[in-house]
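Here are a few notes from going through this one.

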Amino acid sequence: MLDTTPDPTGEPIPAALAADIAPAGAELLADAAAPASRTVKSQTYLRLVWRRFRRNTMGMVGAVMVALLLLATVFADFLSPYSPVGRNPDAIYSPPQSLHFFTQDGFHIIPFTNPVTTEIDPNTFATVTKVDTDTLCQPTFLGRGWSYRLFGLQLDRHLLAAPDKCPWNILGTDRDGRDMFSRLLAGSQLTMSIALLVVAVAVTLGSLVGIISGYLGGIADHWIQRGVEFFLAIPEVPFYFALVAIVPRNLEPFQLVLVICLILSTLRWAHLAREVRGKTLAIAHLDYVSAAEAVGAGRWRIVVRHILPNVMSHVVVATTLLIPSIILIESFLSFLGLGVQPPMISWGLLLNAAQNIQNLGSYPWVLTPVAGVLVAVMSFNMLGDGLRDAIDPYQA
Amino acid sequence: MLRFLLRRTISALGLLFVVSIVSFTLIKAPPGDYADYAAALARSQGGLSYEQSMVLRDQLRERLGLDKPMPQQYLQWISGMVLRGDFGTSYVYNKPVLNLLGERFFRTLAIAGTCHVLATLIGVGLGIIGAVYQHRWGDRIASTIAFLGMTIPRFFMALVILYWLAFVIGYPYVGAISSREFILAPMSFAKLWDTLKHVWPIIFVAAFGGLAYNMRVMRGNLLDVLRQPYIEAARAKGVPGHKVVLKHALPNALHPLVMYQGVAMPYMLSGELEVAIVLGIPTIGPLMLDSLYRNDIWVTTTIFLWLSTVLVVANLLADIALGLLDPRVRQAGTL
């Protein structure tokens, strides 16, 4: 135990050490054993991980949900019945409409809504809502709607295209009469892009710094670790606030998104750098690394070919677990109006409407975009937890 | 031990130095300084011409030392803080930042501290349940609570609680730190109880999120310790089950948790900030947000500086606690 500073993972170092030695060691054993008994086919590390992961129900559910979420993000425009920016002055803050499948004449496979009209009772002045059960508002399956671009193609087909005459706002509308369901889908694109971009930067930086620090050791390691400690000691939310404070106010919305990404990537790499350094330290003293050095392999080759693959599994897990935390913090900043600005659409920005307590009280459905955040955070966490348990297939 | 203390304190001071440099950079980063602000004010409200206001600006710069090179300004700033408690002036309120922060800061600390203690105690409790009943119902329930605490966004939880309190049950204690009649009253048990009625949502949400991490760390460590041979020996000897866990295993599983406390504190502070902003409870959070909306950079940065200082101190305390608990940690420094 060379380092006395607290390990942010809270993991006892010996366990982490064992976890890393095990795959490498057992792989060697498996290779050595293979020629002796030809009937048993040796399993690669990935296959073993997959075998273990498959048995983890939570992890599998998470994986499926993540896959669906990513598909929905890519095909968001195809899935939205309305244009996310199309305003409808006749349906301002209209509440979510309930979906029905049955009429008197039987079952409809595509759910429909009934148009609702509100009138003021001439005697009591109370608002009376009337549901027009005779009219069916049914979207057309693969019908034509608003046009969008997907993979460079100009398209106007939608999975469910909105009916012309009457509204089909299953999650209600916002203050401009824009369809919340379509906006929720559109918001996923920006939120996920920000999360993926930030995580890509943070993971690259974190694993590079971690490997370099762990492999070089000595005085370089010492000072890099002091730097990492500094980033770990910074209170996250106040730091982001302080950085947002100095962003110029006259940026274009798209530039602002990039700046937000930059701000969000300033802190998260440090944690990963710590973990990767720990693993690298453990690996760098193993025999096979010494052997590679003895054969005359260069430093770069050792880092890339011998250490990186063994650290990779932890990096993958860290990536999956970082994405939800970025989604959370981005939503919070945008919710406060400090992050992404209109006309961009992100989940947090949609929730911005709920910051006003009167809005929240009168139109509680402005909270629905939180469903996106919840689903994304939960599924990535489930996948990450499952992967974390699976990357160590030799453990009992 | 003394050497260990000294080393830790020096590195904490180093951290504080870096934090102060970052804060100073943040203050200086936006274009324009106080002299520009005063000149603009003199033009718009005092009726000065552009040339006159420029003269005023230069005079102000000279008087306040804003024309000196950056390192000198930094020294001026930091000595003002340390020696005279001068943290700069809020542009918006035209008051010293210190007066603005004072009481609110201690509220934040008290609330975050309460959350921290609660989250640790409940988290450790759940962690023990999770480890002892591994793969059984107790474990499943504890893990589910932890998972939910980790995944549900805090501001969303706060919004739902706010909606429920304000619109469903009409709770009278929303959006303030204490009721009318207690605002100027001296501290008493009744006032404390009243304050609790106002701030419990913060404590609930922040602690709920924080216990998840404590639970996971505790469960993992305890499981590792419970697999060790000496535990088996104790069981074989006939020591009762609860005694094995609480007396033999638990003390050895606590170390990583103590290490973790320094890392958990930023989480609690951020949680307190988030929930207090949503609920509008006058602690540091809403003040910082307000200063952001109004470009009041001194307030923003001073809050950042203070909170970072708290964290550095908390980390130092966690390190010292660990050193007291574990001789290996103390010794490692002297090697």
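Which residue takes a positive phi in the hairpin of E6(A) and E7(A)? Keep in mind throughout that this is a predicted model.

1. The hairpin. The residue in question is Phe151(A), with a positive phi near 50°. Two residues sit between the strands here. Strand E6 (residues 144-150) of chain A pairs with E7(A) in the antiparallel sense, over four bridges. Leu150(A) has Leu153(A) in E7(A) as its bridge partner.

2. Cover on E7(A). There is hardly any: strand E7 (residues 153-157) of chain A has five residues, and the count of buried ones is zero.

3. Helix H6 of chain A. The length checks out: H6(A) (residues 218-233) has 16 residues, which at 1.5 Å a residue should span 22 Å, and its end C-alpha atoms are 23 Å apart, in agreement. Buried in this helix are Val228(A), Glu229(A), Leu232(A) and Ala233(A). Looking down the axis of H6(A), the buried residues fall within an arc of 130°, so they line one face of the helix. Ile219(A), Ala220(A) and Trp223(A), on the other side of H6(A), are exposed.

4. What covers that face. The cover over the buried residues of H6(A) includes helix H8 (253-284) of chain A, along with H1, H11 and H13 of chain B.

5. The chain contact. In all, 43 residues of chain A are in contact with 51 residues of chain B. Elements giving two or more residues to the chain B side include helix H1 (2-28), helix H11 (255-279) and helix H13 (297-325) of chain B. That side of chain B divides into 37 nonpolar, ten polar and four charged residues.

Technical notes: Residues are numbered from 1 along each chain as its sequence is written. Chains are lettered from A and ligands numbered from 1 in the order in which they are written. This is a predicted model: local features need pLDDT of at least 70, side-chain atom pairs count only at pLDDT 80 or more; totals for chains, interfaces and linings use all residues. A residue is buried if 20 or more other C-beta atoms lie within 10 Å of its own, exposed if 12 or fewer, and partly exposed in between; C-beta atoms are placed from the backbone. Two strands pair if DSSP finds at least two bridges between them. Two residues are in contact if their C-beta atoms, placed from the backbone, lie within 7 Å. Ala, Val, Leu, Ile, Met, Phe, Trp, Tyr, Cys and Pro count as nonpolar, Asp, Glu, Lys and Arg as charged, and the others, Gly among them, as polar. The expected span of a helix is 1.5 Å times one less than its number of residues. The arc is that of the directions from the helix axis to the C-beta atoms.
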